[in-house]
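Dear colleague,

I am passing on the structure we spoke about, together with some notes on what turned up in it. Please have it open beside this message as you read.

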Amino acid sequence: MTNLHRRTFLKATLATATVGLVAAAGLLKPTRVLAADWPSAAFESKNLDEAIKGLYRVSERSASGSIAINAQPLAEIGNNVPFTVSTSLPNVDSLAVFVEKNDRPLVASLNLKGAAGHFSLRMKMARTSDVHVVCRAGGKLYTAKQNIKVTVGGCGG
């Protein structure tokens with residue numbers, strides 16, 4: 001073994017031991033270090049208003065023409081529905097997508113502090129439903145919605 005390999009091995013062993021000791025001492029708690037507060041109430045809610053309240057702690061929202069939804073009004077299969085959202089609202093903190101008639105309406109939630117209010121996703125829809133986008137900007141909630149009809153094999157759902 002060369003000196004270079006020996007040094008690399010010793011550094012890796014020392015680093016692993018240090019992290020192990022810090023974690024064992026309770027100084028490093030991975031759930032606190034690596035994750036934000038998980039909004040379990042929002043993800044476990046069975047209806048739209050409960051999910052919005054579970055995510056944002058309030059349910060008062062107003063419709064906004066500044067939120068643009070780009071999605072096909074007809075999806076052949078609900079397993080893979082493309083969906084794009086953008087907003088021109090200033091000071092956007094977060095965006096969330098809800099499918100009203102899914103068993104669990106919350107599909108996605110993004111924290112966007114300091115980022116542009118634009119994202120794309122592919123979501124699963126159980127059946128034809130209104131899709132709601134909720135945007136938190138300047139401490140207020142704004143919303144937009146679009147109905148997407150889900151068909152299977154060309155038959156209406």
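In this model, which is predicted, Arg136 and Asp93 form a salt bridge whose closest N and O atoms are 3.9 Å apart. The pair links distant parts of the chain, since Arg136 belongs to strand E8 and Asp93 to strand E5, 43 residues apart. Arg136 counts as partly exposed at 25% relative accessibility, and Asp93 counts as partly exposed at 21%.

A search of the whole structure finds three salt bridges. Another of them brings together the side chains of Lys145 and Asp130, with 3.7 Å from N to O. Here too distant parts of the chain are linked, with Lys145 in strand E9 and Asp130 in strand E8, 15 residues apart. Lys145 is exposed, its relative accessible area being 55%.

There is also a salt bridge between Arg61 and Asp49, in which the closest N and O atoms are 2.9 Å apart. Arg61 lies in the loop between H4 and E1 while Asp49 is in helix H4, so this pair ties together parts that are twelve residues apart in sequence. Arg61 is partly exposed, with a relative accessible area of 29%, and Asp49 is partly exposed as well, with 43%.

Helix H4 covers residues 48–56, and its buried residues are Leu48, Ala51, Ile52, Gly54, Leu55 and Tyr56. What covers these buried residues includes helix H3 (40–44) and the strands E5 (92–99), E6 (106–111), E8 and E9 (140–152).

Strand E8, which spans residues 129–137, also holds His132. Is His132 buried or exposed? At 9% relative accessibility, His132 counts as buried, because the cut-off for that class is under 20%. Its side chain is joined to that of Glu100 by a polar contact of 2.8 Å. Apart from neighbours within four places in sequence, the residues in contact with His132 are Leu48, Ala96, Val97, Phe98, Glu100, Thr143, Ala144 and Lys145.

Arg57 sits in the loop between H4 and strand E1 (62–63) and is exposed, with a relative accessible area of 64%. Asn91, likewise not a glycine, has a positive phi of about 55°. Asn91 is found in the loop between strand E4 (81–87) and E5, and Asn91 is exposed, with a relative accessible area of 59%.

As for the protein as a whole, there are four helices and ten strands, and along the sequence they follow the pattern α-α-α-α-β-β-β-β-β-β-β-β-β-β. Of the 157 residues in the protein, 32% are buried. Among contacts between residues at least 6 apart in sequence, 60% join residues at least 24 apart. The protein exposes about 10,200 Å², of which carbon and sulfur atoms supply 55%.

Technical notes:
Residues are numbered from 1 along each chain as its sequence is written. This is a predicted model: local features need pLDDT of at least 70, side-chain atom pairs count only at pLDDT 80 or more; totals for chains, interfaces and linings use all residues. Side-chain values use heavy atoms; hydrogens and water are left out. Helices (H or I, at least four residues) and strands (E, at least two) are DSSP runs, numbered from the N terminus. Buried means under 20% relative accessible area, exposed over 50%, partly exposed in between (1.4 Å probe, protein chains only). A polar contact is a pair of N or O atoms within 3.5 Å; within protein, one must be able to donate a hydrogen and the other to accept it, and residues adjacent in sequence count only if both atoms are side-chain atoms. Contact means heavy atoms within 4.5 Å. Accessible areas come from the Shrake-Rupley method with a 1.4 Å probe; for residues, only the protein chains shown count as cover. A salt bridge is a side-chain nitrogen of Lys or Arg within 4 Å of a carboxyl oxygen of Asp or Glu.
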